[in-house]
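Welcome! Please take a look at the sequence and the model below, then work through the exercises one step at a time.

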Amino acid sequence: MLDILFIGLSLGSILLLVALGLAITYGAMGVINMAHGEMVMIGAYVAVLSGIWLKANLLFAIPLAFVVTALLGLLIERVVVRRLYSRLLDTLLATWGIAILLQQAVRLEFGLSFFGIHVEGLGAGLQNVAVPAYLQGTFRLAGADINAYRTFIIAVTAALTLATWFILYRTAAGMQVRAIIRNPNMAAACGIDVKRVNAMTFAFGSGLAGVAGVMMSGFKTVFPDMGTTMVVDGFMVVVTGGVGSLFGTILSSGLLGEINALVAIGTDILARAVVFGVVILVILVKPSGLFSFKGR
C-alpha cells in the first residue's frame, strides 16, 4: 500500500506542475489555454534535444526547458492571447489552434525537412530520455521498494510549488497577481499594469509546464501528442481545487493522483473513469471547487 500511495503522490506531482500554471493563468487572466499541454510536450523535447545536441543530462534540461517554454508562452501571450481578453470562447479556439500548429511543427521537424535539413530528435517518431544512473533503481522505505526517480519528481515539484507560493504571497509581483485574480478592473484602477503582469504570469505558467514535460520524459515516451491529455488533466485539477486557489490546486492534484493510483491496482482504464467521475461529482456538488475563494 505504501508503494501504491507513493506512486499516486508522484502522479499527483506531475498533475500539480501542469495545473499550477493553469490555475494562475486561468484565475488571473480568464484564459482557457488549450496550448498548455503543448508546453509540456515542448519541455519534453527540450530534454530530448539537450541530450542529443549538448550531451547534457536530464538535470540540465530542467532550467533550460523552463526558459524555452516561458519565452514561447510570452510570445503566444503577446501575439495572440493579449488581443482576446474577455473573449473566453475565442481564446479557447485560438489556443487550440496554436496547440495544433505546435504539434505539426514538431512532426514536420519545424519545416526544415522541406529544405532537406533533418533535425535529429524531432519528428513523428517516438523519443526517449535517459535518466541519470543515480536516479535509477529503488531504495527501501518502511519495507517497500521506492522508485528513486519518482522521489526526485516529488522533490522538484515541492521546490517549485514552494517557489510559486513565495512569489504569490511574499513578493509585490505576487500581490499584483492576486489582486488581478480577485478583480482585474479594480487592480488596473489602482495603478497595476495588468497587461504586463498577465504576460509574466502566462510565461511563468508555461515554464512550469515545460518542467513537467522534462519530468515526464524520464518515465514516458516523448511524442508530439503527449500534451493533449495533460491539458485536460490540468483543468480537472484546477476545477476540482477552485480557480485561482494555490492551496486547492495542491490538494486536488494529490487527491486525484492518489485516486488514480489506488483504482489502477485493478485496471488502468477504470482508474481514469473514476477520476473523471470524481471531478464531475465535485462540479455538481460544489461548482466553484473544493477550496475556492470565499465570496463577500
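Helices here are DSSP runs (H or I, at least four residues), numbered from the N terminus. Their axes are lines fitted to C-alpha atoms over the stretch in contact, and angles run from 0 to 180 degrees between N-to-C directions. This is a predicted model, in which local features need pLDDT of at least 70, side-chain atom pairs count only at pLDDT 80 or more, and totals for chains, interfaces and linings use all residues. Residues are numbered from 1 along each chain, and side-chain values use heavy atoms, without hydrogens and water.

**Exercise 1.** Find at what angle helices α2 and α3 pack, and which residues make the contact.

*Solution.* Start with α2 (residues 36-53) and α3 (residues 58-79): their angle is about 140 degrees and their axes are 9 Å apart. Angles under 35 degrees count as roughly parallel, over 145 as roughly antiparallel, 65 to 115 as roughly perpendicular and the rest as oblique. α2 is therefore oblique to α3. Next, look for contacts (heavy atoms within 4.5 Å). On α2 they involve M39, I42, G43, V46, A47 and S50, and on α3 A61, L64, A65, V68, T69, L72, G73 and I76.

**Exercise 2.** Describe how α5 and α8 pack.

*Solution.* Helix α5 (residues 148-170) meets α8 (residues 194-217) at about 170 degrees, with axes 11 Å apart. The two helices are therefore roughly antiparallel. α5 brings Y149, F152, I153, V156, L160, T164 and I167 to the contact, while α8 brings F204, L208, V211, V214 and M215.

**Exercise 3.** Work out how α6 is placed against α8.

*Solution.* For α6 (residues 172-182) and α8 the angle is about 105 degrees, and the axes lie 10 Å apart. That makes α6 roughly perpendicular to α8. From α6, Q176, V177 and I180 touch V194, R196, V197, N198 and T201 of α8.

**Exercise 4.** Locate the aromatic cluster and the charge over a ring.

*Solution.* Rings of Phe, Tyr and Trp (its six-membered ring) pair if their centres lie within 6.5 Å. This rule gives four aromatic pairs. Y149, F152 and F219 form one cluster. A charge sits over a ring if NZ of Lys or CZ of Arg is within 6 Å of the ring centre and within 35 degrees of the ring normal. R150 lies over the face of F219, at 5.5 Å from the ring centre.

Note on methods:
Rings of Phe, Tyr and Trp (its six-membered ring) pair if their centres lie within 6.5 Å; planes under 30 degrees apart count as stacked, over 60 as edge-to-face and the rest as tilted.
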